Amino acid sequence: MIVDELASDINRESQYRLFRKKFGELSTGCQEVLELFFDGTPMKEIAQKLNFGSVQYAKKRKFQCKEKLISLIRSDELYNELL
């Protein structure tokens, strides 16, 4: 049991490091959008803080940035090892 827990902890830590590495590869703009989103900031407030023209554009930008992050993560060799 302890070995399984340790392996699980190591896997989670590796996943987090992969996430942080790929997050750092995003543009500054995408990082800002996603950080605010992950912090639970309402889309209306994200749109205002980042001077977007509308909430709809903020949602679109968040979606694009999230998709880019997912793509970066999935293209990394470590991703398949962690599955």
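Two residues are in contact when heavy atoms of theirs lie within 4.5 Å. By that rule, Asp-76 touches Leu-18, Lys-21 and Lys-22, leaving aside residues up to four places away in sequence. Welcome to this predicted model, where local features need pLDDT of at least 70, side-chain atom pairs count only at pLDDT 80 or more, and totals for chains, interfaces and linings use all residues. Residues are numbered from 1 along each chain as its sequence is written, and side-chain values use heavy atoms, with hydrogens and water left out.

- Asp-76 sits in the loop between helix H4 (55-74) and helix H5 (77-82); helices here are DSSP runs of H or I with at least four residues, numbered from the N terminus.
- Asp-76 counts as buried because its relative accessibility is 12%; buried means under 20% relative accessible area, exposed over 50%, and partly exposed in between, with a 1.4 Å probe and protein chains only.
- The side chain of Asp-76 also reaches the backbone nitrogen of Leu-78 at 2.8 Å.
- Glu-5, by contrast, belongs to helix H1 (residues 2-25) and is exposed, at 51% relative accessibility.
- From Glu-5 to Tyr-16, 11 residues along the chain, the C-alpha atoms are separated by 16 Å.

**Helix H2 and its neighbours**

- Helix H2 (residues 28-38) packs with H4 at an angle of about 105°, their axes 9 Å apart; axes are lines fitted to C-alpha atoms over the stretch in contact, and angles run from 0 to 180 degrees between N-to-C directions.
- H2 and H4 are therefore roughly perpendicular, a label for angles of 65 to 115 degrees.
- On the H2 side, Gly-29, Cys-30, Val-33, Leu-34 and Phe-37 meet Arg-61, Lys-62, Cys-65, Lys-66 and Leu-69 of H4.
- Buried residues in H2 are Cys-30, Gln-31, Val-33, Leu-34 and Leu-36, and their cover includes H1, helix H3 (43-49) and H4.
- After H2 comes Gly-40, with a positive phi near 85°.

**Aromatic rings**

- Rings of Phe, Tyr and Trp (its six-membered ring) pair if their centres lie within 6.5 Å; planes under 30 degrees apart are stacked, over 60 edge-to-face, and the rest tilted.
- That rule gives 4 aromatic pairs.
- Phe-52 and Tyr-57 form an edge-to-face pair, because their ring centres are 5.0 Å apart and their planes stand at 80°.
- Tyr-57 is partly exposed, at 36% relative accessibility.
- Phe-19, Phe-23, Phe-37 and Phe-38 are linked into a cluster by ring pairs.

Definitions and conventions. Helices (H or I, at least four residues) and strands (E, at least two) are DSSP runs, numbered from the N terminus. A polar contact is a pair of N or O atoms within 3.5 Å; within protein, one must be able to donate a hydrogen and the other to accept it, and residues adjacent in sequence count only if both atoms are side-chain atoms. Angles under 35 degrees count as roughly parallel, over 145 as roughly antiparallel, 65 to 115 as roughly perpendicular and the rest as oblique.
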